[in-house]
Amino acid sequence: MMDYNKDTGSYLSLFAALSYGIASMAMVFINKAVLMQYAQSMTLLTLQQLATTLLIHFARVMGYTKATGFNVETAKRLILVSLFYNANVAFALASLKGVNIPMYIAIKRLTPLAVLVAGYFSGKGIPTIQVTLSVILTAAGVIIAALGDFSFDLFGYGMAFTSVFFQTMYLVLVERSGAEDGLSSVEIMFYNSILSVPFLLFLIIATGEFPDSLSILFAKSTSLSFLVILILSLVMGIILNYTMFLCTVVNSALTTTIVGVLKGVGSTVCVKLCFLMIFSCVNCR
């Protein structure tokens, strides 16, 4: 029985990591397809959180999940998770105004190092030498890339590093909530989506998306292709958040960030393969 449980735990850990990596890669391309037609990113994120809240609520009412209903005391314990989660999004978007996308991706790869340091100071200790060295080498690569960035923007870099800090904090808190409070990934996702909505509504107003974002959304809703992509984005947003929280609870915050780094590599490879296929097709003609 002990061996069976051990094997089951190993398979679950591997499944959580792989599913998060695949969902994260897929979300990059799906969000890109949506944002090419609907550039209101904060409104899109708000819709994803609302869809998550409604789905989990109805699943709980119909008995498809054992997640408990909304509890004020639990919400108070998870308010920082939601705050850091949305602060990460806000600062990430702000950083893109001054940092090019390749450098933004590179800076975000510092997150595993930040999680490793945060884990050490929170009493988790240091991981294996192999893991530690791989994280340090990744960080060293980011520093080398930054030194070669001639379009250095202090504001953009500041926002990006702040985003890394908030991402680190919410992943560490998610890991602690699963371990100490006994909350499942579905429950953490449910509270995070509910608590995120007020903050996101504020961001929509602060960024000037509202009320134009709603009128644009209604205008584009007459297009079947746009609706299909939008619904796919909402579904994938739910899957992405679920797999991210599952990977963090089942494995660790460090594992989640490392999978995120590998996702960036995989996305880059996929993009290059697509360009090669298109280039080959053009040459064939």
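Predicted model: local features only at pLDDT ≥ 70, side-chain atom pairs only at ≥ 80, totals over all residues.
At 0% relative accessibility, Ser 163 counts as buried; the label means under 20% relative accessible area, with exposed over 50% and partly exposed in between, using a 1.4 Å probe and protein chains only.

With Asn 88, the link is between side chains: a polar contact of 2.6 Å (a pair of N or O atoms within 3.5 Å, one able to donate a hydrogen and the other to accept it, and with residues adjacent in sequence counted only if both atoms are side-chain atoms). The C-alpha atoms of Ser 163 and Ala 87 are 7.2 Å apart, although 76 residues separate the two along the chain.

Rings come next. The whole structure holds seven aromatic pairs, that is, rings of Phe, Tyr and Trp (its six-membered ring) with centres within 6.5 Å; planes under 30 degrees apart are called stacked, over 60 edge-to-face, and the rest tilted. One of them joins Tyr 85 and Tyr 170, edge-to-face, at 5.3 Å centre to centre and 70° between the planes. Because Tyr 85 lies in helix H3 and Tyr 170 in helix H7, this pair ties together parts that are 85 residues apart in sequence. Both Tyr 85 and Tyr 170 are buried. Phe 190 and Tyr 191 also pair edge-to-face, since their ring centres are 5.7 Å apart and their planes at 70°; these two are buried as well. Phe 84, Phe 91, Phe 165 and Phe 166 are linked by ring pairs into a cluster.

As for charges, a search of the whole structure gives one salt bridge (a side-chain nitrogen of Lys or Arg within 4 Å of a carboxyl oxygen of Asp or Glu). Lys 76 and Glu 73 make it, with 3.8 Å between the closest N and O atoms. Both belong to helix H3, three residues apart, or about one turn of the helix. Lys 76 counts as exposed at 53% relative accessibility, while Glu 73, at 48%, counts as partly exposed.

Finally, Met 62 is found in the loop between helix H2 (41–61) and helix H3 (72–95), and its 56% relative accessibility makes it exposed.

Residues are numbered from 1 along each chain as its sequence is written. Local features need pLDDT of at least 70, side-chain atom pairs count only at pLDDT 80 or more, and totals for chains, interfaces and linings use all residues, while side-chain values use heavy atoms, without hydrogens and water.

Notes:
Helix = DSSP H or I, 4+ residues; strand = E, 2+ residues; numbered from the N terminus.
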